[in-house]
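Please look at the sequence and the structure side by side, and keep both in view while reading the paragraphs below.

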Amino acid sequence: MNDIETLKKRSEFLALRSAKRFHSKSFSLQTLKRQTSGDPRVGYTVTTKKGHAVVGNRTTRRLREEVRETLP
């Protein structure tokens, strides 16, 4: 099983502010073309509007699993 690279630093998330955005009822997706070639990187954030720590952690785990199954 390959580990998917994730965004961890605040500066990496801030770079997405100028990214393309796709919104749905349940989440937002931001995409930005990488300057270097390589595998896509994924970052997860869950606001407290969806719930506090338990709900946010559950949501993140579910998103992480979906991405793991979807990406090669």
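Helices (H or I, at least four residues) and strands (E, at least two) are DSSP runs, numbered from the N terminus. Leu29, for instance, is found in strand S2. The model is a predicted one, in which local features need pLDDT of at least 70 and side-chain atom pairs count only at pLDDT 80 or more, while totals for chains, interfaces and linings use all residues. Residues are numbered from 1 along each chain as its sequence is written, and side-chain values use heavy atoms, with hydrogens and water left out.

The chain contains two helices and two strands, and reading along the sequence gives the pattern α-β-β-α. Its C-alpha trace spans about 35 × 30 × 25 Å along the principal axes. Of the contacts in the chain with a separation of 6 or more, 50% are between residues 24 or more positions apart, where contact means heavy atoms within 4.5 Å.

How much of the chain is buried? Buried residues make up 12% of the 72 residues; the word buried stands for under 20% relative accessible area, exposed for over 50%, and partly exposed for what lies in between (1.4 Å probe, protein chains only). The accessible surface of the chain comes to about 6700 Å², and 52% of that surface belongs to carbon and sulfur atoms. Such areas come from the Shrake-Rupley method with a 1.4 Å probe, and for residues only the protein chains shown count as cover.

On this surface, Phe22, Phe27 and Leu29 form a nonpolar patch with about 300 Å² of accessible area together. A patch is made of residues with over 30% relative accessible area and no salt bridge, like charges being joined within 9 Å and nonpolar side chains (Val, Leu, Ile, Met, Phe, Trp, Tyr) within 5 Å. Phe27 is found in the loop between strand S1 (20–23) and strand S2 (28–31), and it counts as partly exposed because its relative accessibility is 45%. Leu29 is also partly exposed, with a relative accessible area of 42%. Leaving aside residues up to four places away in sequence, Leu29 touches Lys20, Arg21 and Phe22.

Side chains of opposite charge can pair when their charged atoms come close. A salt bridge is a side-chain nitrogen of Lys or Arg within 4 Å of a carboxyl oxygen of Asp or Glu, and by this rule the count comes to three. In one of them, the side chains of Glu5 and Arg41 meet at 3.6 Å, N to O. Glu5 lies in the segment before helix H1 (10–14) and Arg41 in the loop between S2 and helix H2 (53–70), so the pair ties together parts that are 36 residues apart in sequence.

Arg41 also meets Glu12 in a salt bridge, here at 2.7 Å, N to O. This pair links distant parts of the chain, with Glu12 in helix H1 and Arg41 in the loop between S2 and H2, 29 residues apart. Glu12 is partly exposed at a relative accessible area of 23%, and Arg41 is partly exposed at 29%.

Glu65 forms a salt bridge with Arg68, and their closest N and O atoms are 2.6 Å apart. Because Glu65 and Arg68 are three residues apart in helix H2, they are separated by about one helical turn. Salt bridges that share partners, by contrast, join Glu5, Glu12 and Arg41 into one network.
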